[in-house]
Amino acid sequence: MSHHQDNPFYDPSLKKRHRASKYFLWYAKGSLIFSIGFLCFFLLDIVITGLPAFKQTYINIEVSFNEKTIKSTRKAIDKKYRRLASRAWLRNIPRLLEQQPELMNTTQYMWVLADDQVDQYAKQHHHKLKPKQLALVEEMIASDQLDIQFNTLFFSKGDSKIPEYSGILSSVIGTILTLLVTMAVAFPIGTMTAVYLEEFAEDNRFSQWIEININNLAAIPSILFGLLGLAVFINLFGMPRSSPLVGGLTLALMTLPIIIVSARAALRSVPDRIRQAGYGLGLTKIQVVKDHVLPLAFPGIMTGSIIGMAQAIGETAPLIIIGMIAFIPDSPSSIMQASTVLPAQIFTWAGMPERAYVERTAAGIIVLLSVLISLNTIAVYLRKKFEVKW
Amino acid sequence: MNPFASTNQYREKQEKAITALLFAATAITVFTTFGILFSILFEAIEFFQIRSFWYFITGSEWSPGIEDSKFGAVPIFAGTFMITFIALLVAIPVGLGSAIYMSELASDNIRNIVKPLLEILAGIPTVVYGFFAALTLAPLVVQVSHFFGLDASFNSALACGLIMGVMMIPLISSLSDDVITAVPDFQRQAALALGMTQGETIRNIVLPSAMPGIISACLLAASRALGETMIVVMAAGLRANLTWNPLEDMTTVTVRIVDAMVGDQAFDSPATLSAFALGLVLFIVTLIINVFSLIMIRKFKEKYRINTL
């Protein structure tokens, strides 16, 4: 203590100030830890909820194939097992016989898709099995008549009102078709706008106004783009409701600002000496831009487009407004057909009361997030690989 | 005769055509803004022709049924502002703290790890946050408030606001990180040389310099929260409930828009048209906030002559 008094610069409040500084830095560190901690908790929660959906329960029971079972497929299996097997699987028996006619008039032990309640019980979740059914299931587990296999149906089927028979295929195809439209529109228009603003437009009031407009467009609530899509593409141009065409165009308008901003940054990073060398050799402005500036800026534009695409994939609100949350069991085959998209499918499943849909919702989210994280990784990789240091 | 004349003329025409094409592409962005404005405006005007505008902005009862429908939007606006307010209460301190740590304190190694993680957080679709809010956070809020002897709804404004706040953390932190990094180093060095502690330097020198950019980021976040749809559609209530209690269920502008648009009423019924009236309010409010935010960031850029933000 005493040596402080010898120090002419000693400030009695110094200790307090240092402590305040320390607390402040702790606060900054704490906020970051909170954000990252939340991300981990959040991802873990989704993964734990969703992983069981990638497995599905099958039961090994006797199925008899004959004329009678084609008419009334429920009768193909013993009465006591009827509530344990999936209704959707039984309904599919005539189609199975078409594919494998040799099964006709035979009785076989088969692995039959189990009802979602049996599935939930086998996965030790909450279930609604009656005591009698429960005893039967226990018996089957004891005699190895119950097996949990990889859930291929989840990837090969569309939406269904029967939880164990529902999958993401139709919504994934819908997402791909929608994105094709989005990128086919947004990429060329976005690049052209960026070229115009960076290379051709004069720096006057008008281009400043356009720039503010683009930045504002990036921040307009996405749901309002849905109202635009509804009013313009569906009501004015008469395009089919719920179609990937309308969805893709709506998302394209939303993605444009992202692509424009990143493409402009990429064009701006090409040094002026490239342009001047071109002019010096007698090239026209179009030739300089088309043959020299654009190819050099292309990796940057691609990166921006992938990031824009990743955002478009996750967008749900505007697509709900234009009706892309319809119940679509079959995959759409053209951009004019009614379809749904993966996030909209997630939204629909999230509203379903059955427990089996909860894990499917989370599994859909796992698929969606994996795609998004891979896209972002590709974008980062491209940026690193093709980045030119001028 | 000039041997190059004909090709030159052809080239000139080509140049003009391409420039016109590029300009047309640029015009699409302008058309989009006006397209949104007009597609909402016309239907909203139709709504106000059959329903009172005054009751819409001052009335406190919203019941868009077939009979006796009433369209007083005050409880809807109140719910929207309540949820936005809670979200900002979470997002601003945490987002700003993260930005300060990232720009002022973190080593390059930590930055290289944490920045991509925050980008993941920013890239998570809102439908995912909505699912998390409805499935995990809302029951948690109910349990915690039950522990304190309070009654909370499973569609509480608090759960929505909290999760929306977390969603906006990366938005605020990345924008603020950029502006804080852009504050010139000589300001920090001068402050440290005068004997300020690191905390004091950040608080009294760096943050005030970066303030226009930080305010701009917060405004942008507010505009995002006002227009956020999926989280509130999945986790907030449908009932237009005028209350101060964040543990009760409240509804928002976007929830009512979605509810009106997916309903099976005729397109020209007042219930459907009310969505456009609400959309118009949302458009105007977010437009004002966005433009204000853009002006703030422009001021900051001009002050420090930055071109990269």
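In which hand, left-handed or right-handed, does H3(B) pass H8(B)? H3(B) passes H8(B) in a right-handed crossing, where right-handed means that the near helix is turned clockwise from the far one by less than a right angle, and left-handed that it is turned anticlockwise. This is a predicted model, in which local features need pLDDT of at least 70 and side-chain atom pairs count only at pLDDT 80 or more, while totals for chains, interfaces and linings use all residues. Residues are numbered from 1 along each chain as its sequence is written, and chains are lettered from A and ligands numbered from 1 in the order in which they are written.

**Helix packing within chain B**

- Helix H3 (residues 74-105) of chain B and helix H8 (residues 198-227) of chain B pack at an angle of about 140°, with their axes 10 Å apart; helices are DSSP runs of H or I with at least four residues, numbered from the N terminus, and axes are lines fitted to C-alpha atoms over the stretch in contact, with angles from 0 to 180 degrees between N-to-C directions.
- That angle makes H3(B) oblique to H8(B), since angles under 35 degrees count as roughly parallel, over 145 as roughly antiparallel, 65 to 115 as roughly perpendicular and the rest as oblique.
- The contact (C-beta atoms, placed from the backbone, within 7 Å) involves residues including B:Thr80, B:Ala91 and B:Glu104 of H3(B) and B:Ile202, B:Cys218 and B:Ala221 of H8(B).
- The residues of this contact of H3(B) with H8(B) divide into 13 nonpolar, 2 polar and 1 charged, where Ala, Val, Leu, Ile, Met, Phe, Trp, Tyr, Cys and Pro count as nonpolar, Asp, Glu, Lys and Arg as charged, and the others, Gly among them, as polar.
- Helix H7 (residues 185-193) of chain B packs with H8(B) at an angle of about 155°, their axes being 10 Å apart, which makes H7(B) roughly antiparallel to H8(B).

**Nonpolar cores**

- The largest nonpolar core has 178 residues, and those with the most contacts inside it include B:Ala133, B:Ile172 and B:Ala221; such a core is a set of buried Ala, Val, Leu, Ile, Met, Phe, Trp, Tyr and Cys residues joined through C-beta atoms within 7 Å.
- Helix H6 (residues 157-182) of chain B gives the most to this core, with 16 residues.
- Leaving out residues up to four places away in sequence, B:Ile172 touches residues including B:Ala91, B:Ile92, B:Cys218 and B:Ala221.

**Where the chains meet**

- In all, 70 residues of chain B are in contact with 68 residues of chain A, and helix H1 (residues 5-50) of chain B gives the most to the side of chain B that touches chain A, with 19 residues.
- By class, that side of chain B has 43 nonpolar, 22 polar and 5 charged residues.
- Helix H10 (residues 205-219) of chain A and helix H11 (residues 270-304) of chain B pack at an angle of about 125°, with their axes 10 Å apart, and H10(A) and H11(B) are therefore oblique to each other.

**Positive phi in chain A**

- A:Gln124, which is not a glycine, has a positive phi of about 60°, and A:Gln124 counts as exposed, with 8 C-beta neighbours inside 10 Å.
- A:Ser242 has a positive phi near 65°, and A:Ser242 is buried, with 22 other C-beta atoms within 10 Å; a residue is buried if 20 or more other C-beta atoms lie within 10 Å of its own, exposed if 12 or fewer, and partly exposed in between, with C-beta atoms placed from the backbone.

Note on methods
Helices (H or I, at least four residues) and strands (E, at least two) are DSSP runs, numbered from the N terminus. Two residues are in contact if their C-beta atoms, placed from the backbone, lie within 7 Å.
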